[in-house]
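Here is a short briefing on aromatic contacts and charges over rings. Please look at the structure first.

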Amino acid sequence: MTLILAPMEGLLDHTLRDVLTRVGGVDRCVSEFIRVTDQLLPARSFTRVVPELLNGSRTPAGVPVRPQLLGSDPQCMAENAARLAELRPAGIDLNFGCPAKTVNRHRGGAVLLDEPELVGRIVAAVRRAVPADIPVSAKMRLGVADMAPMRDCALAIEAAGASELAVHARTKAQGYRPPAHWERIAELRELVRLPLLANGEIWSVQDALRCRAVTGCTSLMVGRGMVRRPGLALALRAFDAGLGAGFSAQSASSPDTAGAGSYQNNIDLAWEELLPLIGEFWRQVSARVERRHRAGRLKQWLTYLRGHYPQAQQAFDELRTVNDSARIDAWMDATLRGAAARVTPATLAASTAAAVPA
């Protein structure tokens, strides 16, 4: 199994990539998109979004990061990909999936899926422009307003020489509304030979197993699920290693699987283990982000975390009206000291100590 940390513009930047990959279980990351318009970007434009390029294209934990380019002009995309290749990235990914209106208005992201021929020309131009040892992959949705173009787009991406295709199982119009149409990824698997990554609505081990069963994909791309539950990759690794007794892949097709909930709770990242990572996240945010935006970044992550951790809801409530960095510093220090005092072998016995990293 390959597990990829998905790109998420405005959320999953290099700071959060750093923190989440420290937990373990992730094979590779894809960065937020680097917008290509009508000019050749300087190297600093790539390293600003993907500072991991200055570290062998890896996070501090050693996980490869594949920069992602977004644009609609094949020649300009190729020229920028060639310059990016000079920085020796762990691959180059191409964005045909972003649903944001501001991006689509400028003919970028998912809106290009209505033009399969152009999608193919972009992939082919980039593939020709970079050395053969640098993988070129793509990410797409199922279409724009409907799913009619998905087959032509997948075939065009394959014919253009892409090494891999991640498919977010929704159209642009569907945004992030459930459900994810995993069965359409299965259709694409019957159509193309290149490896497919399934993406969309993977929040738990049970979701991951059902997605693999429906799509036939062994490789998954997970974004919001990992942000909400940083130990998800480790939990899935533990299941695959045989530590998920009583929860089979066959039974995963049922949403009411007996034992699934208890299994997922028993192999998890304890809140006390997560708190130091939240502290490291805040430290990096404080060093890199303008003071007026720092509190918002922390609350943004807590908003996701409270979907899995009741303690995150309490933390969010305590910080809801706090925007002063010094007050958050004091809160963080007190919280981390309190957590350290509460940690005992018993509190961590059922956490990721039982999991098997990648």
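Is F281 buried or exposed? F281 counts as buried, because its relative accessibility is 1% and the cut-off for buried is under 20%. The model is predicted. A search of the whole structure finds two aromatic pairs.

**Tilted pair**
- W271 and Y309 form a tilted aromatic pair.
- Their centres are 5.4 Å apart, with 50° between the planes.
- W271 belongs to helix α12, residues 271–288.
- Y309 sits in the loop between α13 (291–305) and α14 (310–319).
- The two residues are 38 apart in the chain, and the pair links distant parts of it.
- Both W271 and Y309 are buried.

**Edge-to-face pair**
- F281 and W301 have ring centres 5.0 Å apart.
- Their planes stand at 65°, so the pair is edge-to-face; the cut-off for that class is over 60 degrees.
- This pair also links distant parts of the chain: F281 is in helix α12 and W301 in helix α13, 20 residues apart.
- W301 counts as buried because its relative accessibility is 1%.

**Charges over rings**
- R141 lies over the face of Y176, at 5.0 Å from the ring centre.
- R306 places its charged end over the ring of F316.
- The distance from that charged end to the ring centre of F316 is 4.1 Å.

Conventions
Residues numbered from 1 in each chain as written. Predicted model: local features only at pLDDT ≥ 70, side-chain atom pairs only at ≥ 80, totals over all residues. Heavy atoms only, no water. Phe/Tyr/Trp six-rings, centres within 6.5 Å; stacked < 30°, edge-to-face > 60°. Helix = DSSP H or I, 4+ residues; strand = E, 2+ residues; numbered from the N terminus. Buried < 20%, exposed > 50% of the residue type's maximum accessible area, 1.4 Å probe, protein only. Lys NZ or Arg CZ within 6 Å of the ring centre and 35° of its normal.
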